[in-house]
Amino acid sequence: MLSTPKGLRLHFGLFGNRNAGKSSLANALTGQRISIVSDVPGTTTDPVEKACELAPIGPVVFIDTAGVDDVGDLGQARVRRSLAVLDWVDVAIVVTSERTLSSSEKTLLAKARELGTPAVLVLNKTDLRPVTDDERRAAEAFGVAVVETNARTGEGIDALRAALVRLVSERTAPDRPLVGELAQAGDTVMLVTPIDTGAPKGRLILPQVQAVRELLDAGAKCLVVQENRVAEMLDELKRPPKFIMTDSQVVESVARQSPDSIPLTTFSIQMAYSKSDLEELAEGAAALARLKDGDRVLICETCSHHPQKDDIGRVKIPRWLREKTGKDLVIEVAVGKDFPEDLTPYAVLIQCGGCVVTRRHMLARLRTSKEQGVPMTNYGLTICYLQGVLERVLSCHPEALARYRAALTEKTE
Ligand SMILES: Nc1nc2c(ncn2[C@@H]2O[C@H](COP(=O)(O)OP(=O)(O)OP(=O)(O)O)[C@@H](O)[C@H]2O)c(=O)[nH]1
Ligand SMILES: [Mg+2]
């Protein structure tokens with residue numbers, strides 16, 4: 001169970017004022033003591049994540065956060081971090097120990113509604129303050145599911161779980177498939193998966209396995225080769241494959257070995273299609289063509305893996321960007337789930353594939369960059385642009401290609 005990557009789990013955030021009982025509920029929901037509980041307001045200071053199983057949904061993550069009524073400079077910084085989590089969670093659990101909501105609690109519900117995030121309102125501490133019918137009706141008037149709990153004894157926790165399961169089944173959209181929609185029964189598809197030093201021992205990585213599975217589910221025939229066998233494999237086939245899907249790192253070689261008439265895509269582009277908004281990211285890629293001396297570029301690496309020697313985000317992309325554009329760029333790397341608040345100093349943001357985060361998280365980042373008027377693209381599109389094959393690899397996604405071309409001409413006129 002714990003091997004399920006976080007990017008494939010639904011994320012439930014607990015929000016509310018200090019001392020409302022968020023951490024007590026997080027512990028009760030997960031059945032584990034993940035957060036410290038105390039009657040000192042402001043006990044939880046940073047978001048705390050815990051992966052667990054929520055039947056019948058399966059593997060999920062609960063995130064306990066700091067109170068949104070915290071005060072002072074530090075307190076305000078904590079509030080901003082909690083609200084940043086609300087930006088991308090799949091379900092918001094708003095916890096209150098009051099019976100008349102304060103302005104900070106109302107703001108949470110309003111923000112969830114604005115974001116389209118399904119929410120449940122938990123009226124906690126029922127032992128201290130039993131809920132009257134009028135109070136319950138007033139709570140339901142916010143248009144969200146309402147559950148009463150006593151987090152100390154666990155009373156109402158099953159009802160809360162049931163409410164969460166209901167919200168998920170009714171209100172959250174699953175990720176789009178990675179590649180399954182591009183193939184029909186009987187099609188032949190070629191996958192190119194290099195086995196380099198970074199490849200895990202004895203197996204393929206998750207997106208590769210996922211692609212094979214989806215293609216088989218679609219009734220397609222799937223050929224898996226390394227990059228040095230592409231031309232040879234194509235030669236042996238009586239008919240060309242419907243399309244080729246390759247790892248971005250060898251896209252240039254694969255493009256060279258295959259005629260332009262065979263559509264080509266990359267794992268990274270399909271990942272963006274499945275987990276983000278490929279059209280927006282393709283439009284953002286046009287900003288790469290406009291980079292000039294002194295421009296600042298932000299590389300956003302969502303997972304905090306230990307950087308490898310030739311790390312794609314920290315080493316390769318910066319090197320290729322400088323080489324191919326010939327510009328004197330200031331390239332910075334932001335690691336982790338926190339996004340800088342002010343993006344306006346940057347000419348372009350280059351986001352990683354986001355395999356450790358959810359679709360909602362990726363879309364929240366895109367929304368933030370759009371609000372600030374800063375173009376965002378991703379690693380895969382950037383690599384293809386720098387290798388001169390971006391238009392070819394968007395051939396499976398005509399709308400995204402059109403957005404890229406339009407943005408190129410629009411901004412250079
Ligand atoms: N009587 C009663 N006490 C509760 C209940 N839920 C939580 N508490 C108590 O309320 C206090 C605060 O609980 P926490 O779970 O730490 O609250 P929190 O919202 O995480 O607080 P911060 O981390 O400070 O924002 C603790 O003393 C808990 O034991 C409840 O349902 N009934
Ligand atoms: Mg807490």
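Reader: Which domains is the protein chain divided into?
Author: This is a predicted model. The protein chain is divided into domain 1 (6–171), domain 2 (188–268) and domain 3 (277–412).

Reader: How far apart do the C-alpha centres of domain 1 and domain 2 lie?
Author: Those two centres are 44 Å apart.

Reader: Where does UniProt place the feature "domain: G"?
Author: The UniProt record, an unreviewed entry, puts "domain: G" at residues 12–125. That span is 32% helix and 26% strand, and its end C-alpha atoms lie 21 Å apart.

Reader: Next, the metal. What coordinates the magnesium ion?
Author: Ser23 through OG and Thr44 through OG1 coordinate the magnesium ion (ligand 2), at 2.0 to 2.1 Å. Ser23 is in helix α1 (residues 22–30), while Thr44 is in the loop between α1 and β2 (48–54). The two residues are 21 residues apart, and the pair links distant parts of the chain.

Reader: Are Ser23 and Thr44 buried or exposed?
Author: Both Ser23 and Thr44 are buried.

Reader: Different topic. How many residues has the largest nonpolar core?
Author: The largest nonpolar core has 57 residues. Leu321 and Leu394 have the most contacts inside this core.

Reader: Which helix gives the largest share of this core?
Author: Helix α13 (residues 379–386), with five residues. By domain, the core draws at least three residues from each of domain 2 (188–268) and domain 3 (277–412).

Reader: Last one. What lies over the face of Tyr273?
Author: Arg176 does, at 4.5 Å from the ring centre of Tyr273. As for aromatic pairs, a search of the whole structure finds one.

Note on methods:
Residues are numbered from 1 along each chain as its sequence is written. Chains are lettered from A and ligands numbered from 1 in the order in which they are written. This is a predicted model: local features need pLDDT of at least 70, side-chain atom pairs count only at pLDDT 80 or more; totals for chains, interfaces and linings use all residues. Side-chain values use heavy atoms; hydrogens and water are left out. Donors are N, O and S atoms within 2.8 Å of the metal (3.2 Å for Na, K and Ca); water is not among the atoms, so sites may look incomplete. Helices (H or I, at least four residues) and strands (E, at least two) are DSSP runs, numbered from the N terminus. Buried means under 20% relative accessible area, exposed over 50%, partly exposed in between (1.4 Å probe, protein chains only). Rings of Phe, Tyr and Trp (its six-membered ring) pair if their centres lie within 6.5 Å; planes under 30 degrees apart count as stacked, over 60 as edge-to-face and the rest as tilted. A charge sits over a ring if NZ of Lys or CZ of Arg is within 6 Å of the ring centre and within 35 degrees of the ring normal. UniProt positions are given in the numbering used here, feature names are shortened, and annotations may be inferred rather than shown by experiment. Domain bounds come from an automatic or database domain assignment. A nonpolar core is a set of buried Ala, Val, Leu, Ile, Met, Phe, Trp, Tyr and Cys residues joined through side-chain atoms within 4.5 Å.
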